[in-house]
Amino acid sequence: MQDLGEGNLIKTLLKRLIPVILIASFSVVADTKEMDEAVKRYYAGFPEEAISRLKPLALSGDVDAQYLLGNILYSLSKEGTVTGIEDPVKWYKMAADQNSAAANYALGAIFHNKWIKSRDKNEAVNAIIYYQKAVELEYSKAQQPLDRIK
């Protein structure tokens, strides 16, 4: 193998890395635009369009899309205006698994509300787990409900 020297090695590495960095940054910008468009479609009264725009991003592992999709589905499930709504918990869990503090908090709140209605201890345990994870991820808003439920 030929010795490239420190300067040549750095140039070679940069030539190989710059295209990768550019492609990755373009992908992030494209995803952000797609999410912005999804939010616009949701607030314009087209929730199905918003969901169809977000789902591919969420399925590809985009934590922000997973959380946003969970929010939209949760909101729609509470409004009762759209039938056949997918369970938002699935999408929140995907985001929570990637250490989304907000998704962990949302899951804590969902299980907390289920516990309030049912007094099922399993729901309380789930709420505590997700609130605690949100607190560990420095989501301070989760501390108060965590203290109340314990």
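Trp115 is buried, because its relative accessible area is 19% and buried means under 20%, with exposed over 50% and partly exposed in between (1.4 Å probe, protein chains only). This tryptophan lies in helix 5; helices here are DSSP runs of H or I with at least four residues, numbered from the N terminus. Leaving aside residues up to four places away in sequence, Trp115 touches Asp120, Lys121, Glu123, Ala124 and Ile149, where contact means heavy atoms within 4.5 Å.

A word on the model: it is predicted, so local features need pLDDT of at least 70 and side-chain atom pairs count only at pLDDT 80 or more, while totals for chains, interfaces and linings use all residues. Residues are numbered from 1 along each chain as its sequence is written, and side-chain values use heavy atoms, leaving out hydrogens and water.

Now look at the aromatic rings. Rings of Phe, Tyr and Trp (its six-membered ring) pair if their centres lie within 6.5 Å; planes under 30 degrees apart are stacked, over 60 edge-to-face, and the rest tilted. By this rule there are five aromatic pairs. Tyr42 and Tyr43 make an edge-to-face pair, because their ring centres are 5.1 Å apart and their planes are at 75°. Tyr42 is buried at 14% relative accessible area, whereas Tyr43 is exposed at 67%.

The rings of Tyr67 and Tyr92 have centres 5.8 Å apart and planes at 50°, so this pair is tilted. It links distant parts of the chain, with Tyr67 in helix 3 (residues 63–79) and Tyr92 in helix 4, 25 residues apart. Tyr92 is buried at 3% relative accessibility, and Tyr67 is partly exposed at 25%.

How values were computed. Helix = DSSP H or I, 4+ residues; strand = E, 2+ residues; numbered from the N terminus.
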